[in-house]
Amino acid sequence: MTPTEVRRVANIIAGLVAETPTGAPSGILYSGLMGLLDLDEYQSIVGALEQAGLIETRCHVLYPTPKLAAAAAGSAGVSQ
């Protein structure tokens, strides 16, 4: 994946998680993105979003953090 593609997929994941305050099942998100990236790429992107403090993962469910909620409220995406 190119850096631009990684950013786009990260924005997709962050956007979906931001819209799902009760949690987004990681496996279901990945299954929807399988045609775009492999599991290692998906896990790397999720890890980067966690390290950035935008999402939390508990029991394979992705939850938005207050930082992501603020970013989502202020713009249409995390970063372009």
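**View 1. R58 is partly exposed, with a relative accessible area of 42%.** The model is predicted: local features need pLDDT of at least 70, side-chain atom pairs count only at pLDDT 80 or more, and totals for chains, interfaces and linings use all residues. Residues are numbered from 1 along each chain as its sequence is written, and side-chain values use heavy atoms, with hydrogens and water left out.

The side chain of R58 meets that of E56 in a salt bridge, 2.8 Å from N to O. A salt bridge is a side-chain nitrogen of Lys or Arg within 4 Å of a carboxyl oxygen of Asp or Glu. Side chains of opposite charge can pair when their charged atoms come close. E56 is partly exposed too, at 37% relative accessibility. How many salt bridges does a search of the whole structure find? It finds one.

R58 also has an aromatic neighbour. Its charged end sits over the ring of Y63, 4.0 Å from the ring centre. For this, NZ of Lys or CZ of Arg must be within 6 Å of the ring centre and within 35 degrees of the ring normal.

**View 2. C59 and H60 lie in the loop between β2 and β3.** The strands are β2 (55–58) and β3 (61–64). Strands (E, at least two residues) and helices (H or I, at least four) are DSSP runs, numbered from the N terminus. C59 has a phi near 55°, a positive value in a residue other than glycine. H60 is not a glycine either, yet its phi is positive, at about 65°. H60 counts as exposed at 66%.

**View 3. Y30 and Y42 form an aromatic pair.** A search of the whole structure finds one such pair. The ring centres are 5.2 Å apart and the planes stand at 50°, so the pair is tilted. Y30 belongs to helix α2 and Y42 to helix α3, 12 residues apart, and the pair links distant parts of the chain. Rings of Phe, Tyr and Trp (its six-membered ring) pair if their centres lie within 6.5 Å; planes under 30 degrees apart count as stacked, over 60 as edge-to-face, and the rest as tilted. A pair of aromatic rings is described by the distance of the centres and the angle of the planes. Y30 counts as buried at 16% relative accessibility. Y42 counts as buried at 3%.

**View 4. S26 lies in helix α2.** S26 is buried, with a relative accessible area of 13%. Which residues does S26 touch, not counting those up to four places away in sequence? They are Y42, H60, V61 and L62. Contact means heavy atoms within 4.5 Å.

**View 5. I45 is buried in helix α3.** Its relative accessible area is 5%. Not counting residues up to four places away in sequence, I45 touches V6, V9, A10, I13 and L37. The C-alpha atoms of I45 and A14 are separated by 9.9 Å, while the two residues are 31 apart along the chain.

E41 also has its place in helix α3. E41 is partly exposed, with a relative accessible area of 25%. V6 is 35 residues from E41 along the chain, and their C-alpha atoms are separated by 8.5 Å.

**View 6. E5 lies in helix α1, residues 3–18.** E5 counts as partly exposed at 36% relative accessibility. From E5 to L37 is 32 residues in sequence and 9.6 Å in space, C-alpha to C-alpha.

**View 7. I12, L16 and L36 form a nonpolar patch on the surface.** Together they have about 260 Å² of accessible area. Accessible areas come from the Shrake-Rupley method with a 1.4 Å probe; for residues, only the protein chains shown count as cover. Patches are made of residues with over 30% relative accessible area and no salt bridge: like charges are joined within 9 Å, and nonpolar side chains (Val, Leu, Ile, Met, Phe, Trp, Tyr) within 5 Å. Where is L36 found? L36 is in the loop between α2 (26–33) and α3 (39–51). L36 is exposed, with a relative accessible area of 52%.

Definitions and conventions:
Buried < 20%, exposed > 50% of the residue type's maximum accessible area, 1.4 Å probe, protein only.
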